[in-house]
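Hi,

Here is the structure I promised to pass on.

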Amino acid sequence: MKKIITTLSAVLLLISCGNKNKNTSETENVSTTPAQQLIAQLDSVVNAGQFYFGHHDDPAYGHDWKYVEGGSDVKSITGEYPGLMSWDLGMIELDSSKNLDGVPFAFMADEIIAQDARGGINAISWHLRNPLSGGDSWDVSASPLKELDNNKALADTLDSWIGKTAVFISGLKDKEGNKIPVIFRPWHENTGTWFWWGAGNSTPEQYIDLWKRTRKIFDEKGVDNVVWAYSPDKGLTPEDYFTTYPGDEYVDIFGSDIYHFGNAAGTEEYRQRVKNQLTFVAEEAKKRGKITAFTETGLEGVTIDDWYTQVLLPLVEEQPIAYVCVWRNAVDSEKPGHYYAPYPGHKAAADFKKFHDNPKTIFVK
Ligand code: BMA
């Protein structure tokens with residue numbers, strides 16, 4: 001494992017910082033929840049001036065392969081897996097055995113365990129169906145959050161769906177039977193209008209209530225291995241960012257989803273967006289004792305050969321982020337050109353290797 005802060009030092013850091021939720025027994029043994037351990041680990045990475053590099057669905061499939069033992073486009077180039085693996089629970093709500101992109105949930109659980117065992121971390125998003133229309137996350141023809149208070153059947157459906165994610169997440173255990181802490185990033189990109197829980201389809205109060213409802217269900221089920229990430233989209237002022245902020249008691253990580261659009265011509269706009277938003281988000285996170293992360297980004301097709309070291313790295317190395325995550329490398333025959341990390345033979349591969357070799361980036365063996 002390269003450049004990684006040990007869990008032990010993270011826990012020591014947590015103890016020395018103090019934590020309002022810690023339980024101190026008579027013998028002064030300090031026990032921390034799995035979530036608190038991960039928070040301490042993320043804090044220690046930030047304090048060391050490093051960040052995890054993340055990739056969605058990394059070991060599941062890549063540009064021209066799927067479900068190959070040991071497969072990873074990132075590892076094929078760098079020799080290591082991403083320090084963070086991102087996953088999505090979309091379709092778990094319908095008891096499907098595979099998620100919306102075809103990843104079997106059993107495979108996902110195994111890979112989360114493997115990533116934890118190699119010292120890496122895992123983050124989970126949820127592109128769930130629209131519980132009112134039956135369409136997908138992007139179906140905004142019906143706005144469930146506007147009807148929840150007056151539609152008990154709808155509320156019950158949504159609650160049972162949330163419960164299924166809680167069960168999956170709290171069931172993630174390592175081989176000693178310890179719960180594996182994960183970052184959960186529900187209701188993401190809500191400042192955009194494309195998801196049924198997003199802007200235009202709910203008021204800020206309804207959106208915040210959704211977070212409270214989610215948390216209540218997780219708490220009732222005794223889930224203690226979730227680090228909660230809030231991740232609105234790009235182009236926000238501080239006021240925009242906090243209009244739908246659920247509150248300090250609900251959020252551990254202040255995220256942002258900001259993509260690079262328009263290839264080389266879009267570089268300046270991307271730089272400005274990232275710089276503006278991450279700067280105020282990091283300041284506010286620091287004041288409130290929270291963690292900052294760049295929860296989703298990327299340039300589709302990595303059309304700028306030195307994007308990783310010349311565009312992304314300078315933007316993130318000046319921010320106290322715990323991780324930066326790029327989206328998936330779809331199998332090219334299924335979704336042509338939809339990839340965010342290079343693959344072997346790609347023109348940006350050599351530069352990506354340099355990004356990996358930078359001492360600030362965390363990848364895992
Ligand atoms: C989007 C695309 C889709 C995918 C969805 C959820 O950005 O990658 O193809 O289904 O994310 O992973």
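How many cavities of 30 Å³ or more does the structure hold? It holds one. Before the details, two notes on the ground rules. This is a predicted model, so to speak of local features I needed pLDDT of at least 70, and side-chain atom pairs count only at pLDDT 80 or more, while totals for chains, interfaces and linings use all residues. Residues are numbered from 1 along each chain as its sequence is written, and side-chain values use heavy atoms, with hydrogens and water left out.

**Cavity and pocket**

The largest cavity has a volume of about 40 Å³. On the terms: the search runs on a 1 Å grid over the protein atoms alone, and a cavity is a set of points where a 1.4 Å probe fits but cannot get out. A pocket is an open set with protein on both sides within 12 Å along at least five of seven lines, and lining residues have an atom within 4 Å of a point. Grid points are joined across faces, edges and corners, and a volume is the space filled by probe spheres set on the points.

The lining of the largest cavity consists of S86, A123, I124, S125, R185, T295, Y323, C325 and W327. Helices (H or I, at least four residues) and strands (E, at least two) are DSSP runs, numbered from the N terminus. By class, the cavity lining has five nonpolar residues, three polar and one charged. Here Ala, Val, Leu, Ile, Met, Phe, Trp, Tyr, Cys and Pro count as nonpolar, Asp, Glu, Lys and Arg as charged, and the others, Gly among them, as polar.

The second largest pocket holds about 530 Å³ of space. It is lined by 25 residues, and Y259, E296, W327, H338 and Y340 are the closest to its centre. Its lining splits into nine nonpolar, seven polar and nine charged residues.

**Around α10**

Helix α10 (residues 307-317) is mostly covered, with eight of its eleven residues buried. Buried means under 20% relative accessible area, exposed means over 50%, and partly exposed is in between (1.4 Å probe, protein chains only). The buried ones are W307, Y308, T309, V311, L312, L313, L315 and V316. They pack against β3 (51-56), α9, β12 (291-297), β13 (321-326) and α11 (349-357).

How does α10 sit against its two helix partners? Helix α9 (residues 267-288) packs on α10 at an angle of about 25 degrees, with the axes 9 Å apart. That makes α9 roughly parallel to α10. T267, Y270, R271 and V274 of α9 make the contact with W307, Q310, V311, L312 and L315 of α10. That contact has six nonpolar, two polar and one charged residues.

With α11, the angle is about 45 degrees and the axes are 8 Å apart. α10 and α11 are therefore oblique to each other. W307, Y308, T309, L312 and L313 in α10 meet D351, F352, K354 and F355 in α11, and these divide into six nonpolar, one polar and two charged.

For the conventions: axes are lines fitted to C-alpha atoms, for helices over the stretch in contact, and angles run from 0 to 180 degrees between N-to-C directions. Under 35 degrees is roughly parallel, over 145 roughly antiparallel, 65 to 115 roughly perpendicular and the rest oblique. Contact means heavy atoms within 4.5 Å.

**Single residues**

H55 is found in strand β3 and is buried, at a relative accessible area of 1%. Leaving out residues up to four places away in sequence, H55 touches V74, P82, L84, M85, S86, C325, V326, W327, R328, N329 and A341.

E300 lies in the loop between β12 and α10 and is partly exposed at 39% relative accessibility. Beyond its neighbours within four places in sequence, E300 is in contact with G337, H338, Y339 and Y340. E300 and A341 are 41 residues apart in sequence but 8.5 Å apart in space, C-alpha to C-alpha.

Lastly, two backbone angles. M91, in the loop between β7 (84-88) and α4 (105-117), has a phi near 95 degrees, a positive value in a residue other than glycine. M91 is partly exposed, with a relative accessible area of 22%. W187 sits in the loop between β9 (182-184) and α7 (204-220), with a positive phi near 55 degrees. W187 is buried, at 0%.

Cheers
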